[in-house]
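This report walks through a two-part question: how is each chain built, and how do the chains meet? Keep the structure open while reading.

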Amino acid sequence: MTTNQDHNQQTHFGFKTVHEAEKAKKVGEVFHSVASKYDLMNDVMSAGLHRSWKRFAVEVSGVKTGDKVLDIAGGSGDLSKLFAKKVGVGSPQNAGQVVLTDINASMLGVGRDRMLDAGLNVPALQCDAEKLPFPDQYFDCVIVAFGLRNMTHKEVALAEMQRVLKVGGRLLVLEFSKVWQPLSKIYDAYSFKLLPLMGKIFAKDAQSYQYLAESIRMHPDQETLKQMMTDVGFFKVDYYNLAAGVVALHKGYKT
Amino acid sequence: MLKQLSTRLLQHLIAQNSWANALLQPYAGQSVRIHIGLISPTLIILEDGSLALAGDTNTPDATVTIPPTLLLRLIAKDETAKSQINITGDTHLATELAKVFAHMRWDYEDDLSKLVGDIPAYQIADFGRKAVGSIKETSTNLAEMLSEYWQEEMPVIAKKRHVEHFNSEVDTLRADVARLEKKLLKFEKKLTQPLSSPTDTHNP
């Protein structure tokens with residue numbers, strides 16, 4: 001019985017199988033290690049495309065002045081910054097609100113400092129996406145960019161995101177996904193050979209970027225994630241394949 | 001990349017035509033697929049009343065089909081062409097979107113002014129407007145000249161007056177044929193009716 005329970009509590013950490021409790025700790029270590037060079041590495045890895053993907057996510061979110069936005073796993077805060085402009089954080093009339101959250105203190109610290117430097121009143125909150133410390137039906141939009149794949153219980157996290165959304169509010173999930181089949185070999189070579197090498201050169205941390213490549217492969221593909229979102233109660237779930245499916249942006253509404 | 005650029009362009013146009021937000025906002029979350037020749041983009045109305053390209057698995061609420069020939073007539077502002085656009089699904093939604101596109105204007109002078117400054121932008125735009133006007137005028141003159149040549153000098157195009165005369169003659173002929181048909185039917189009926197016997201008339 002104990003053995004079965006142990007088996008049930010196993011999860012993926014890249015290609016390795018680890019105990020659920022261990023995953024959060026290991027993910028924490030990875031992001032603690034890459035926090036200071038996170039955006040630089042993103043720029044190097046995606047040739048700057050991650051900025052365009054994030055901007056696109058903000059554009060299709062449909063948020064307007066006065067809306068409340070929750071940025072989950074927001075890390076370095078680049079999305080929060082874009083949303084803050086769109087909802088009018090700090091504007092004298094009909095001011096919106098953006099809350100930046102991350103489970104990792106190192107990443108959140110980088111984001112909080114950047115918000116302060118930009119003169120934006122965006123609260124930064126360290127919290128677990130599976131236990132969000134917000135009331136029901138509070139936000140107009142929830143976004144999680146490149147964070148869902150690191151969560152241990154994705155369904156629980158998605159259900160939490162649904163809980164804190166207002167009726168008619170939308171969830172946006174920007175995440176690495178399954179690349180278009182003819183490009184998969186080139187993409188594999190890039191992810192498993194070049195990516196750790198770049199990690200070693202730029203962030204002095206090849207292992208963390210090896211995990212990044214592995215975790216992308218273990219993450220649900222476009223259709224599976226769409227189904228997961230539908231299963232927790234989102235409706236009209238749709239996705240955009242970006243860069244031939246390297247990244248997908250899922251959008252779903254709360255009924 | 002195309003999705004990002006198209007969405008940015010659509011949102012820029014909507015931002016320049018802010019009156020459209022209020023019109024589109026009640027339809028937030030709904031989408032319309034537009035078939036124009038080989039391309040068929042699906043546009044989704046966002047919660048702020050702006051537009052974006054819909055996702056890859058979107059099921060449109062309405063479909064608008066514009067054949068390429070009809071598109072040319074629409075560009076030429078042929079009012080009768082509008083009634084020939086094929087709309088399926090939520091016609092109200094498609095009509096509202098069409099209304100927005102019909103009245104939307106691209107303020108290119110404003111965009112240009114951000115790059116080169118107000119005065120050069122005005123001058124470039126003015127030059128552009130004059131060039132377009134001049135091309136339009138030259139094209140009209142050329143078309144009129146050719147039509148006159150083909151009607152008068154080398155008659156390969158029928159004149160309007162002749163076409164109308166021909167049509168009127170066809171109408172008269174059609175009416176005559178119809179009358180003749182009726183007369184023939186009347187005769188046929190008379191021939192098929194049994195002849196009344198003369199003895200019957202003498203019965204008391």
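Three bridges join strand β1 (residues 31–36) of chain B to strand β2 (residues 42–45) of chain B. The two strands run antiparallel. S31(B) has I44(B) of β2(B) as its bridge partner. This is a predicted model, so confidence comes up before the rest of the fold.

**Confidence**

The model scores ipTM 0.72 and pTM 0.75. Chain A has a mean pLDDT of 86, with 92% of its residues at 70 or more. For chain B the mean pLDDT is 85, and 95% of its residues reach 70 or more.

Where is confidence lowest in chain A? The answer is helix α1 (residues 2–8) of chain A, at a mean of 47. Strand β3 (residues 68–72) of chain A is the highest, at 97. Over residues 1–7 of chain A, pLDDT stays under 50. The model has zero contacts beyond four places in sequence for residues 1–7 of chain A. Where pLDDT is low, predicted coordinates should not be read in detail.

In chain B, helix α4 (residues 79–82) of chain B has the lowest confidence, at a mean of 77. Helix α8 (residues 160–192) of chain B has the highest, at 93.

**The sheet of chain B**

Strands β1(B) and β2(B) belong to an open sheet of five strands. Its order is β3-β2-β1-β4-β5 (chain B), and the pairing is mixed. Strands β3 (51–53) and β5 (86–89) of chain B form the edges, each pairing on one side only. From one strand to the next, the twist averages 25 degrees. Helix α5 (residues 91–103) of chain B packs on this sheet. Helix α5(B) touches β1, β4 (62–66) and β5 of chain B. The direction of α5(B) makes about 55 degrees with that of β4(B).

**The sheet of chain A**

Chain A has an open sheet of seven strands, in the order β5-β4-β3-β6-β7-β9-β8 (chain A). Its pairing is mixed. Strands β5 (124–126) and β8 of chain A stand at the edges with a single partner strand each, so one side of each has no neighbour in the sheet. Neighbouring strands are turned by 20 degrees against each other on average, direction ignored.

Seven bridges pair β8(A) with β9(A) in the antiparallel sense. In β9(A), V247(A) is the bridge partner of L242(A). Helix α4(A) packs on the sheet and touches β6 (139–145), β7 (165–176), β8 and β9 of chain A. Its direction makes about 160 degrees with that of β7(A).

**Helix pairs**

| Pair | Angle | Axis distance |
|---|---|---|
| α6(B) and α7(B) | roughly 135 degrees | within 7 Å |
| α4(A) and α5(A) | roughly 35 degrees | within 10 Å |
| α4(A) and α1(B) | about 45 degrees | 10 Å |

Helix α6 (residues 108–116) and helix α7 (residues 118–153) of chain B cross at roughly 135 degrees. They are therefore oblique to each other. The crossing is right-handed. Residues of α6(B) in this contact include Y108(B), L112(B) and V116(B), and those of α7(B) include P120(B), Y122(B) and I124(B). The contact of α6(B) with α7(B) divides into eight nonpolar, one polar and two charged residues.

Helix α4(A) passes α5(A) in a right-handed crossing. Here K54(A), R55(A) and V58(A) of α4(A) meet D78(A), L79(A), L82(A), F83(A) and K86(A) of α5(A). By class, that contact has four nonpolar, no polar and four charged residues.

**Where the chains meet**

How many residues of chain A are in contact with chain B? There are 15, and they touch 17 residues of chain B. On the chain A side, α4 (49–61), β8 (234–242) and β9 (247–254) each supply at least two residues. The largest share, five residues, comes from β8(A). By class, this side of chain A has six nonpolar, three polar and six charged residues.

Helix α4(A) also packs against helix α1 (residues 2–16) of chain B, at about 45 degrees. The two helices are therefore oblique to each other. Their crossing is left-handed. S52(A), F56(A), E59(A) and V60(A) of α4(A) make the contact with Q4(B), T7(B), R8(B) and Q11(B) of α1(B). The residues of this contact divide into two nonpolar, four polar and two charged.

Note on methods. Residues are numbered from 1 along each chain as its sequence is written. Chains are lettered from A and ligands numbered from 1 in the order in which they are written. This is a predicted model: local features need pLDDT of at least 70, side-chain atom pairs count only at pLDDT 80 or more; totals for chains, interfaces and linings use all residues. Two strands pair if DSSP finds at least two bridges between them. Helices (H or I, at least four residues) and strands (E, at least two) are DSSP runs, numbered from the N terminus. Axes are lines fitted to C-alpha atoms, for helices over the stretch in contact, and angles run from 0 to 180 degrees between N-to-C directions. Two residues are in contact if their C-beta atoms, placed from the backbone, lie within 7 Å. pLDDT is the predictor's confidence in each residue, from 0 to 100. Angles under 35 degrees count as roughly parallel, over 145 as roughly antiparallel, 65 to 115 as roughly perpendicular and the rest as oblique. A crossing is left-handed if the near helix is turned anticlockwise from the far one by less than a right angle, and right-handed if clockwise. Ala, Val, Leu, Ile, Met, Phe, Trp, Tyr, Cys and Pro count as nonpolar, Asp, Glu, Lys and Arg as charged, and the others, Gly among them, as polar.
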